[in-house]
Amino acid sequence: MKLPGMGLLEGLAVTGRNMIGSFYKKERMTTVQYPEERAPISPNFRNFPFLVYDGDPKTGLRCTACAICEKECPPQCIYIVLERDENGKSLKRPKVFDIDLSVCMNCGICAEVCPFDSIYMDGEYELSTDDRFGGLLFGLDRLSKSAEYHMKLRPEQASAVMARRKADEEKKAAAAAAKLAKARADAEAKKAAGQEKGGEA
Amino acid sequence: MLPLAASDASLFSPEFLPRLPQRLVEMILTNLGAAESLVSIAGFLAAAGTVLAVFLSAFALLSLIERKILARAQNRIGPNRAGWFGILQPVADGIKMLTKEDIVPAKAERLLHLLAPILIVLPSILALGVIPYGREWTPLPLELGLLFFFAVGSMTELAIFIAGWASGSKFPMLGAMRAISQMVSYELPLMICALGVIMVSGTLSLPRIVECQGGFHLGFIPAWNLFTPWGLVAGLLFYICSIAEANRCPFDLPEGESEIVAGHMTEYSGFKYALFFMGEYLGLFAISGLGITLFLGGWQAPLPGLDFVPSWIWFFGKLALVIFSFLWIRATYPRVRIDQLMRFAWLCMIPMSLLTLPAAAIWHFTGRGALSWVVTVPLLAVPWIITAMIFNRRLSPATRHYHFAE
């Protein structure tokens with residue numbers, strides 16, 4: 001028979017378990033002591049965009065300044081200037097690539113539409129600054145991050161992108177090799193035909 | 001209170017440590033040739049100063065420990081930024097309270113508004129003076145110590161009402177009404193339980209009540225009042241009433257933040273609020289000290305061989321355990337409503353506490369032995385079980401039948 005007052009003791013046992021367990025069990029002490037520790041961010045978390053480069057920040061930048069992201073951005077926070085050489089021919093890289101973080105609404109549309117796998121959403125949230133105007137205008141130097149960083153941030157997405165790029169490259173290389181082989185075979189055939197003709201004549 | 005010679009080594013033994021400031025002051029003044037009355041007055045001031053120093057630092061420490069223990073019960077760490085493990089947090093709180101602006105509402109009665117916090121702290125400090133902390137240390141060994149304690153404790157309730165009335169606004173007034181109705185209702189069982197102890201010990205003097213609880217039954221069970229049948233019930237009732245008297249969870253309706261802002265303390269800021277806070281915690285120390293004196297044997301050791309430990313260490317150890325249990329209860333139970341509170345006090349606590357009086361008498365007159373247990377336990381247990389069953393049936397909600405969902 002449950003004596004009157006037993007429920008009170010059961011309640012005390014619950015809090016008692018919490019009190020003692022919080023010293024040695026991880027699930028009973030869920031506090032993350034910021035700023036010494038950081039809570040892990042989930043793979044789907046997105047904040048502001050960043051640009052990916054393979055190898056060298058200047059020459060390995062994947063962005064070709066096609067400006068599709070600039071056109072598709074809803075609040076129009078991206079500003080791109082294409083780099084041209086002396087003759088006016090495009091060099092397929094941006095001279096200026098500015099994103100205004102105070103305008104950006106973290107929608108990710110720029111990452112969705114980029115055809116060159118070059119802009120993705122970052123996960124950094126400690127971006128406070130005391131300069132309201134210039135401090136939140138990120139240029140090419142602050143936006144460029146390596147492909148290894150992308151891999152560490154979003155392993156699944158980054159490995160899928162790298163696999164796709166590798167497959168594309170291999171396909172291109174295979175197509176180029178096939179074309180080369182075909183051209184060589186044609187040249188051989190022509191040479192053989194020419195030799196025969198020359199031999200006959 | 002004669003001054004001892006400087007070569008008296010027992011002056012510095014651990015047992016006499018609490019008396020040290022008083023004796024030192026008296027010795028110094030006597031050696032300087034001061035008058036007898038001046039020496040005794042200075043001695044009393046030193047004793048009062050010791051009590052104040054100990055309990056004010058205990059108050060500061062308790063405010064931090066409470067937050068950390070409550071935090072642990074809620075799966076989080078308490079304050080740990082202010083110093084090593086947050087030990088400087090009370091200092092930070094003190095600085096904050098002292099540097100806040102002192103706002104008095106325009107419709108408030110200024111003199112009473114100023115007086116109320118002082119009147120809350122004063123009785124708590126006075127009440128702390130009569131409790132025996134050690135074999136040699138009762139700051140104020142009165143013959144009527146217990147009566148003095150309750151008389152002075154009633155001033156707290158009056159001060160709360162003064163605070164509520166003098167603030168000149170609705171929430172404090174409501175909070176003060178609830179506070180005094182709660183405190184008055186729970187004062188009755190408190191005193192009736194203390195009455196049982198007075199009957200059995202035959203004296204109102206607190207040091208003598210502690211001495212009556214010396215000795216051991218069967219060689220190892222201490223003869224504290226808690227380990228008697230009536231003492232078990234009376235001690236438990238005293239414990240519950242002391243939570244209600246100190247306005248602590250689950251009886252903190254007068255000051256619950258989600259209910260009534262801060263009740264009678266709403267219109268107080270800065271140092272006056274700190275004085276309210278301090279008065280509440282000092283009152284908690286005083287009433288738990290009294291409970292320990294009456295039921296837990298005061299400064300008596302729990303086992304026969306442990307007399308070498310100074311008596312005041314036992315007292316403060318018991319005080320620490322009781323306060324820890326108060327914190328545990330605060331972390332666990334939800335707040336009771338005002339009607340539940342009043343019903344509990346008048347319909348449950350007062351009849352049970354009244355029952356402890358004949359139980360104590362019967363226990364004493366049947367020889368205080370095993371026979372007393374056999375006779376007294378049914379006298380206390382049967383009405384409790386019947387009352388509990390009646391309450392369970394009358395107050396528990398009926399099982400619901402859902403006509404359309406099934």
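Two strands are said to pair if DSSP finds at least two bridges between them. Helices (H or I, at least four residues) and strands (E, at least two) are themselves DSSP runs, numbered from the N terminus. The model is predicted: local features need pLDDT of at least 70, side-chain atom pairs count only at pLDDT 80 or more, and totals for chains, interfaces and linings use all residues. Residues are numbered from 1 along each chain as its sequence is written, while chains are lettered from A and ligands numbered from 1 in the order in which they are written.

In chain A, an open sheet is formed by 3 strands in the order β2-β3-β5, with antiparallel pairing. Its edges are β2 (78-84) and β5 (137-138) of chain A; each has a single partner strand, so one side of each is left without a neighbour in the sheet. Strand β3 (residues 90-100) of chain A is joined to β5(A) by 2 bridges, and A:D100 stands opposite A:L137 in β5(A).

Chain A as a whole contains 6 helices and 6 strands, which follow one another along the sequence in the pattern α-β-α-β-β-α-β-β-α-β-α-α. The radius of gyration of chain A, taken over C-alpha atoms, is 29 Å, well over the 17 Å that the globule rule (2.2 Å times the number of residues to the power 0.38) gives for 201 residues, so chain A is more spread out than a compact globule. Its C-alpha atoms fill a box of roughly 120 × 50 × 30 Å along the principal axes.

An automatic or database domain assignment divides chain A into domain 1 (49-146) and domain 2 (154-184). The C-alpha centres of these two domains of chain A lie 26 Å apart.
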